[in-house]
Amino acid sequence: MEKLEVLEKKEVKKETISGAEAVVKCLLNEGIDLVYGYPGGAIMPVYDEFYKRKDEFTHIMTRHEQGAIHAAQGMARATGNVGVVIATSGPGATNLVTGIADAQIDSTPLVCITGQVGAHLLGTDAFQETDIISISTPVTKWNYQITDAKEIPEVLAKAFYIAKSGRPGVVLIDITKNAQFDKLDFEYKKCNHIRSYVPVPKYDLSKIKEAAELINNAKKPFIIMGQGVILAKAEQYFKEFIEKTGIPTSQTALGLSGLETNHRLNVGMVGMHGHYAPNKKTNECDVLIAIGMRFDDRVTGNLSKYATQAKVIHLDIDPAEISKNVKADVGVLGDIKETLPLLTDYVKAKEHKVWLQQFKDLYKEEYKEVIKDQLSPSKKGLTMGESLEAINKYTKGDAIIVSDVGQHQMFACRYAKFNKTRSNITSGGLGTMGFALPAAIGAKVGMPNREVVAVIGDGGYQMTIQELGTIFQHKMAVKIVVLNNSFLGMVRQWQELFFDKRYASTEMVNPDFQTIAKGYDIACNKVSKREDLDKSVKAMLDHDGAYFLEIIIEKEDNVFPMVPTGASVSDIRLK
């Protein structure tokens with residue numbers, strides 16, 4: 001009888017570690033070696049593990065938790081990777097909520113980790129206890145509270161999978177202090193499937209063929225491109241589609257930079273302060289093709305008067321968006337990276353020269369009535385438009401522009417030039433003042449070899465001005481431009497137009513921003529004369545390191561065109 005050799009399976013010896021160490025090891029297993037955050041009592045065990053691994057792990061302490069989450073957003077938007085932010089319980093966790101809501105509505109992939117009081121104290125109103133799970137439920141893609149250390153690896157693996165898969169979003173994981181101290185046998189497996197969770201719906205080829213037929217028969221087709229194209233990393237497929245079909249193409253504010261500004265088919269931005277032609281032509285096209293956008297009210301204006309004459313084709317990964325605001329005649333579900341190349345195969349090569357020329361003619365009208373006076377102003381004071389044009393001159397459209405919220409934001413979206421994708425980073429759906437400065441920090445950390453220019457108003461700047469301390473401590477080469485008109489400019493514009501110039505609580509009495517910048521050892525300059533603008537912008541961009549440039553702007557300059565609230569996009573005003 002032959003002697004049989006029995007090979008015993010060797011069990012993999014699991015490492016017994018603390019929950020806090022498991023958190024850090026989970027992050028490293030996901031390729032995360034940098035997080036933003038602010039320490040505190042309930043998350044201290046995790047911070048202790050960061051300290052022990054400081055040679056392989058970077059933690060950037062911002063000056064406020066809101067700064068941390070906006071920085072994580074900026075990095076995620078600039079790189080396409082998941083951003084991670086960490087905070088303690090109570091006020092630390094609640095200070096993240098604005099950024100969580102902002103990131104969720106703008107489909108930004110984030111994992112937020114918060115500390116929590118010990119499990120035995122839950123529900124007792126213990127020191128710095130808040131029910132962050134209940135608070136964050138409406139503004140997260142998923143959240144979960146860990147009370148047992150053994151749950152940490154599996155839950156964090158799910159968190160990263162959910163945050164980045166399908167339509168990206170925010171996941172919050174709350175970890176009690178006892179779970180951070182307790183031991184577990186550590187084993188990490190990346191998650192790539194969750195039962196009943198279908199992040200990418202299967203496409204229906206018949207819908208794609210139906211859409212192609214409408215496009216092939218269209219006389220006046222029109223495309224609105226949203227951020228979904230960028231999130232899907234489908235920019236090249238998008239370009240191939242429009243160049244084959246010859247269809248005039250516009251972008252939402254978050255879709256900007258997904259197609260280079262100077263592309264021959266790019267007709268500008270839609271929306272309340274978008275360009276004249278794409279807004280007007282929305283109500284003249286016969287087929288409206290929406291790709292990776294959600295028909296936000298700032299895009300549609302009065303829904304009852306929006307594109308009622310057109311057949312609507314809507315490509316999106318999220319079933320909830322199809323026919324949510326605008327009824328789609330053909331809804332094409334699926335990953336745009338998959339559906340768009342198929343649609344390109346089925347459409348006919350065409351040119352729409354006469355139709356495209358109509359957009360160009362309306363642009364000439366907008367240039368004459370609006371743009372010319374911004375770029376070559378007759379008014380005495382400097383304009384936001386010419387300030388952005390000076391930035392364009394020296395960045396040549398290659399910089400990442402991070403804008404805050406207000407008039408300057410719309411000027412940045414309208415006048416900044418973009419040659420590369422992921423170059424326009426702004427707060428879209430939530431409209432969060434204070435977003436730009438910390439988001440620019442994150443964008444620079446994520447893309448250190450690209451120029452990052454934060455364009456901010458004097459109001460929004462002061463909401464997170466403390467993040468100059470983060471720039472100072474970490475020597476970040478962020479370029480900061482504050483367009484200072486001593487007003488909350490967008491609110492003031494509405495007060496001028498719709499409230500008989502009753503400027504209620506919108507005029508700003510500002511501090512000496514130059515002195516503040518110098519206090520953080522940031523090179524700075526202030527410009528108020530037109531003849532000094534060009535050289536001041538050049539000096540900022542030539543400077544090796546962080547730089548603060550304050551540009552004094554005409555106080556009552558307005559951003560036009562404008563679709564008044566409740567009006568149709570056809571009623572867009574040039575003045």
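How many Å separate the centres of domain 2 and domain 3, taken over C-alpha atoms? The points below begin with the basis of the model and then answer this.

1. Basis of the model. This is a predicted model, in which local features need pLDDT of at least 70 and side-chain atom pairs count only at pLDDT 80 or more, whereas totals for chains, interfaces and linings use all residues. Residues are numbered from 1 along each chain as its sequence is written, and side-chain values use heavy atoms, with hydrogens and water left out.

2. Domains. The chain is divided into domain 1 (13–186), domain 2 (205–358) and domain 3 (380–552), with bounds that come from an automatic or database domain assignment. The centres of domain 2 and domain 3, taken over C-alpha atoms, are 31 Å apart. To the contact (heavy atoms within 4.5 Å), domain 2 gives 18 residues and domain 3 gives 18 residues.

3. The second largest pocket. A pocket is an open set of points on a 1 Å grid over the protein atoms alone, where a 1.4 Å probe fits, with protein on both sides within 12 Å along at least five of seven lines; lining residues have an atom within 4 Å of a point. The volume of the second largest pocket, which is the space filled by probe spheres set on the points, is about 540 Å³. Of its 27 lining residues, Thr 261, Asn 266, Val 267, Gly 268 and Tyr 363 are the closest to its centre.

4. Sources of the lining. Domain 2 and domain 3 each provide at least three residues of this lining. Helices (H or I, at least four residues) and strands (E, at least two) are DSSP runs, numbered from the N terminus. Helix H15 (353–375) is among the elements that supply at least two residues, and its seven residues are the largest share.

5. Helix H2. In helix H2 (residues 44–52), the residues Pro 45, Val 46, Tyr 47, Glu 49 and Phe 50 are buried, that is, under 20% relative accessible area with a 1.4 Å probe and protein chains only, where exposed is over 50% and partly exposed lies in between. These buried residues pack against several elements, including strand S1 (15–18), helix H1 (19–29) and helix H8 (177–181).

6. Glu 507. This residue lies in the loop between helix H21 (489–498) and helix H22 (513–519). Glu 507 counts as exposed because its relative accessibility is 51%. Glu 507 and Phe 487 are 20 residues apart along the chain, yet their C-alpha atoms are separated by 4.4 Å. Leaving aside residues up to four places away in sequence, Glu 507 touches Ser 486, Phe 487 and Lys 555.
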